[in-house]
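Let's take a walk through a protein model together. Have the viewer ready, and we'll go from the whole chain down to a single residue.

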Amino acid sequence: MITTSRARFVNPRLGAYFGIFVSLLTGLVLLLMIFEQLGTSEVLLRWGMLLGPLVLYCAIGVSVPSREALEFFASGRRVPAGYTGLGLASAAMGATGIVALTGTFFLIGFDALCLVIGGLAGFVVMAVMLAPFLRKFGAFTVPSYLGRRFESKPVRILAAALIAVPLLLLLAAELGMGAFAAAWLSGQSRGAMVLLLVLAMIATVVVGGMRSFNWSSSGQAIAALLALMVPVAIVAVMVTNFPLPQLTHGPLLRQLVYNEASQGIPVVAAPRFDFMLPGEGFAAVAKRFTAPFGSIGPGAFVVAMLTVLTGIAASPWLLPRVTMTPGVYETRKSLGWATVFFGLTMLTAASVSVFMRDFIMDVVKEGSPARLPDWMQELVRLGFMQFDATASPLVFTSFKLARDTVLLSLPVAAGLPNVFVYFAAAGIVAAALVAATAATMALANVVTEDVINGLSWEPMPKDARMLVGRISIAGVALLGGAFTLLAPTDPLRLLLWCFAITGSTLFPVLVLSIWWKRMNGFGALAGLGCGFTVAVLTILAGEAHIIGLDGALSGIVGLPAGALGAVLASLATPGPTRSMLELVREIRIPGGEVVYDREMRLMRLKNRERA
Amino acid sequence: MMERKERKPYWRHTKWQMLASVVPFLVLIIVLPLYASSLNTARFLGFPLGYFLSAHGIAIIAIFTVASFVNRQDVIDHWHGAHEDN
């Protein structure tokens, strides 16, 4: 039997380990459910659901320490495709994607699909155009890749400085969303919960770096997936008799469309570039669920889709992860898994919003009930829903839901035990931790490799390198926490800005660095600088209402600016050197040794000879 | 290891595969939602067709696109001797 390089590094006991994790998590949920029936205090149950999973994630992270740089920065390059895909799908949009998108689906229906389609397309483009080549190169960070590809330290340092902005935006969005769910669970202040999440992140990954991150985030992603799927599957059985909510809510949706028409919910036609995404507060349903382009115009829909596409395809918090698979083939496969998990999550979010609209519609259809059902009163008590008591008869728009509480409202509306609501909140915390830790690790590795050691191609000595890496992780996590508290903006908006800046800055340069041999260091500098500057200025001008374009759509000018800057500057300056051309040719071929690992090996040999 | 003379044909083959994977997919995801309103008059599995194709349909097409790319690119790698298992 031939043992291929695709399989020889993967730990065969991974399935057993994560089986134990899932059993422990299920046991915790069942135990808390029993305690709930026995009358245990609500406070205890809530803290149990918050801290129990956190302890499990920390235990996974601490149990996989790293002693080698390759393990600390690249998880030993032995993470199988399925786990990589799961992590990529969860980290792409994190908790903001799950929570805010569910609410957005509920409030504006079809129009929220621009973000989902953009995410799916981002993975497709990453799989075909970027990931396999970055895996062959094998650098630990995106700036390291760009610096070596163009043999230019200024490119490396500029890329490191510019990508810090979207990474901090993502970190703030995810910590904000995670702290929201944790604060709701624990009853403590948002600030205290940001600190708790930051400390949990540091404790989880500081021992093993990327190795700890990979395995703990796999656990977090599984927990987030279960917390999203299980309550919805139970509701689907109750409503449609089949536990596949993503596929079986069709007849329910058809009925909902008829009822929405009879309720007089308008079919709105938004102007072409209108981008009326719901904010964080309470809002009533704006339009019929399946009618397109009522809140987001068709032009803005396409631009938002392309912005998310380029943001995810070139994301510096996802790309380092695709270099940790055992090979190029596994990297391509991992993106397939990422598409599966991402699609499944987003279709589940859409079905949650349909179920929730249907539950409210059932109440509205009764006209003016003498008393609101218990679940609605409970939602009002929890602060998830507002209700216009003067409305008579009741209409659909009498009810307002906070965008970020729609996901938590479903188990309450379905009358499930409280533990399911707590489990959903714990899932939000888990999803937030996956994405926040991904951003922290990406930025910490950039600081270690490309800022502190940015002027040298030779890495620091092993122990110093890992020590600096650990200090950077703690520093970046604390900085992210402070940023979250100082800039409490809508997480969904922060996420969209992050995608717009990432797409404009990195996407053209990364794609051209592989697919256009003529590109040189000047082109990379111009592409990075133009894309970033134009995107940031457009966001600022949009937010200040100087121009009529929403900041989230800044990719429409940032992306062409980045591409144009890269192409024109490359053509106006001397072509790439022979060694640069040879490097491009090499990364285009999957076979052979990983370029970065070979460079490190040769450097070690040279140092040994010198000694 | 791949022979030097195979580099150009391999890259040409890879470029065509990239275009075949990405271009139809991008056209589809841009065009399909724009016609969702008129497609919504038809039904599939109880869903309005325009919504179903824009949500479930594009997810399925994305998965199919990546899966077919992985297999076809692997065949191209083996055909030109560029694969990893040497």
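The radius of gyration is taken here over C-alpha atoms, and the rule for a globule is 2.2 Å times the number of residues to the power 0.38. For the 611 residues of chain A, a compact globule would come out near 25 Å, and chain A has 24 Å, so the two agree. Before going on, note that this is a predicted model: local features need pLDDT of at least 70, side-chain atom pairs count only at pLDDT 80 or more, and totals for chains, interfaces and linings use all residues. Residues are numbered from 1 along each chain as its sequence is written, while chains are lettered from A and ligands numbered from 1 in the order in which they are written.

Back to chain A. Its C-alpha atoms fill a box of roughly 85 × 55 × 50 Å along the principal axes. Chain A has 23 helices and three strands (DSSP runs numbered from the N terminus, H or I of at least four residues for helices, E of at least two for strands). Of its 611 residues, 60% count as buried; that takes 20 or more other C-beta atoms within 10 Å of a residue's own, while 12 or fewer makes it exposed and anything in between partly exposed, with C-beta atoms placed from the backbone.

Now zoom in on a pair of helices. In chain A, helix H1 (residues 14-37) packs against helix H2 (residues 42-62) at an angle of about 170 degrees, with the axes 11 Å apart. That is why H1(A) is roughly antiparallel to H2(A), a label for angles over 145 degrees. The axes are lines fitted to C-alpha atoms over the stretch in contact, and angles run from 0 to 180 degrees between N-to-C directions. Among the residues that meet are Phe21(A) and Leu24(A) from H1(A), and Leu45(A) and Gly48(A) from H2(A).

What about the other chain? 41 residues of chain B are in contact with 46 residues of chain A, where contact puts the C-beta atoms, placed from the backbone, within 7 Å. H3(B) gives the most to chain B's side, with 16 residues.

Last stop: Trp457(A), in the loop between helix H17 (418-452) and helix H18 (462-486) of chain A. Is Trp457(A) buried or partly exposed? It counts as partly exposed, because it has 14 C-beta neighbours inside 10 Å. Its C-alpha atom is separated by 51 Å from that of Leu107(A), 350 residues apart along the chain.

Note on methods. Angles under 35 degrees count as roughly parallel, over 145 as roughly antiparallel, 65 to 115 as roughly perpendicular and the rest as oblique. Two residues are in contact if their C-beta atoms, placed from the backbone, lie within 7 Å.
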